[in-house]
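Here is a set of questions and answers on how the labels for this structure follow from its values. Each answer sets a value against a cut-off.

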Amino acid sequence: MSSGLTELLELSARGTLFPPTSRYHGIETATLERHGRTTVYLRRRFVPPADRFALLQEHLVTEGERPDTLAARYLGDAEQSWRLCDANEVMDPIDLTGRVGAVVRITLPEGIPGASGD
């Protein structure tokens, strides 16, 4: 196995292949051996169910809004728009803000409990 592949597998095993802010942080890799070649790939990431997110507020989509601008506004980081997609069970980010009047759930990160009674 090449040293680059070995390093990649070691990083994956430690959960450091992607930074903690990435949707892929902690996702394991797997390898596929075919025709004398080793291919490293990420295992499937499943979108968590909406009940794993504590609602903070709701946002009504207006004309021209994008997932990254909502993430910047509510989460302080435009690159975290994937968190809004997860919390709203949206696979394609365009679907999050594609319809004026749609309601976007603004939540805490997955698994972080909200106020008592949540």
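**Labels and the values behind them**

Pro-113 is exposed, with a relative accessible area of 66%. The model discussed here is a predicted one.

Q: Why is Pro-113 called exposed?
A: Exposed means over 50% relative accessible area. Pro-113 has 66%, so the label applies. Pro-113 is found in the segment after β4.

Q: What makes Ala-54 a contact of Pro-113?
A: Contact means heavy atoms within 4.5 Å. Leaving aside neighbours within four places in sequence, Pro-113 is in contact with Ala-54 and Leu-108. The C-alpha atoms of Pro-113 and Ala-54 are separated by 5.9 Å, and the two residues are 59 residues apart along the chain.

Q: What is the overall make-up of the protein?
A: There are four helices and four strands. Their order from the N terminus is α-β-β-β-α-α-α-β. Of the 118 residues, 26% count as buried. Among contacts between residues at least 6 apart in sequence, 52% join residues at least 24 apart.

Q: Why is the pair of Phe-18 and Tyr-24 called tilted?
A: A search of the whole structure finds one aromatic pair. The ring centres of Phe-18 and Tyr-24 are 5.6 Å apart and the planes stand at 50°, so the pair is tilted. The cut-off for a pair is centres within 6.5 Å. Planes under 30 degrees apart would be stacked, and over 60 edge-to-face.

Q: Why do Phe-18 and Tyr-24 count as partly exposed?
A: Partly exposed lies between the buried limit of under 20% and the exposed limit of over 50%. Phe-18 has 27% relative accessibility, so it is partly exposed. Tyr-24 has 34%, so the label is partly exposed too.

Q: What makes Asp-86 and Arg-45 a salt bridge?
A: The cut-off is a side-chain nitrogen of Lys or Arg within 4 Å of a carboxyl oxygen of Asp or Glu. The closest N and O atoms of Asp-86 and Arg-45 are 2.2 Å apart, so the pair qualifies. The pair links distant parts of the chain: Asp-86 sits in helix α3 and Arg-45 in the loop between β2 (37-42) and β3 (55-60), 41 residues apart. The structure holds four salt bridges.

Q: Is Asp-86 buried or exposed?
A: Buried means under 20%. Asp-86 has 4% relative accessibility, so Asp-86 counts as buried.

Q: How do you know that Glu-110 and Arg-52 form a salt bridge?
A: Their side chains meet at 3.2 Å, N to O. The limit is within 4 Å, so the pair passes. Glu-110 lies in the segment after β4 (103-107) and Arg-52 in the loop between β2 and β3, so the pair ties together parts that are 58 residues apart in sequence. Glu-110 has a relative accessible area of 41% and is therefore partly exposed. Arg-52, with 40%, is partly exposed.

Q: What makes Arg-66 and Asp-68 a salt bridge?
A: The closest N and O atoms of Arg-66 and Asp-68 are 2.8 Å apart. That is within 4 Å, so the pair counts. Arg-66 is partly exposed at 44%. Asp-68 is partly exposed at 26%.

Q: How many cavities of 30 Å³ or more are there?
A: The count is one. The largest cavity has a volume of about 40 Å³.

Q: Which residues line the largest cavity?
A: The lining is Phe-53, Leu-75, Arg-83, Leu-84, Ala-87, Thr-107, Leu-108, Pro-109 and Glu-110. Six of the lining residues are nonpolar, one is polar and two are charged. Helix α3 (residues 81-87) gives the largest share, three residues.

Q: Why is Thr-107 called buried?
A: Thr-107 has a relative accessible area of 6%, and buried means under 20%, so the label holds. Thr-107 is found in strand β4. Not counting residues up to four places away in sequence, Thr-107 touches residues including Phe-53, Leu-75, Arg-83 and Ala-87.

Q: What is the phi of His-35?
A: His-35 has a positive phi of about 55° although it is not a glycine. His-35 is found in the loop between β1 (29-34) and β2. At 75% relative accessibility, over the 50% limit, His-35 counts as exposed.

Technical notes: Residues are numbered from 1 along each chain as its sequence is written. This is a predicted model: local features need pLDDT of at least 70, side-chain atom pairs count only at pLDDT 80 or more; totals for chains, interfaces and linings use all residues. Side-chain values use heavy atoms; hydrogens and water are left out. Rings of Phe, Tyr and Trp (its six-membered ring) pair if their centres lie within 6.5 Å; planes under 30 degrees apart count as stacked, over 60 as edge-to-face and the rest as tilted. Buried means under 20% relative accessible area, exposed over 50%, partly exposed in between (1.4 Å probe, protein chains only). On a 1 Å grid over the protein atoms alone, a cavity is a set of points where a 1.4 Å probe fits but cannot get out, and a pocket is an open set with protein on both sides within 12 Å along at least five of seven lines; lining residues have an atom within 4 Å of a point. Grid points are joined across faces, edges and corners, and a volume is the space filled by probe spheres set on the points. Helices (H or I, at least four residues) and strands (E, at least two) are DSSP runs, numbered from the N terminus. Ala, Val, Leu, Ile, Met, Phe, Trp, Tyr, Cys and Pro count as nonpolar, Asp, Glu, Lys and Arg as charged, and the others, Gly among them, as polar.
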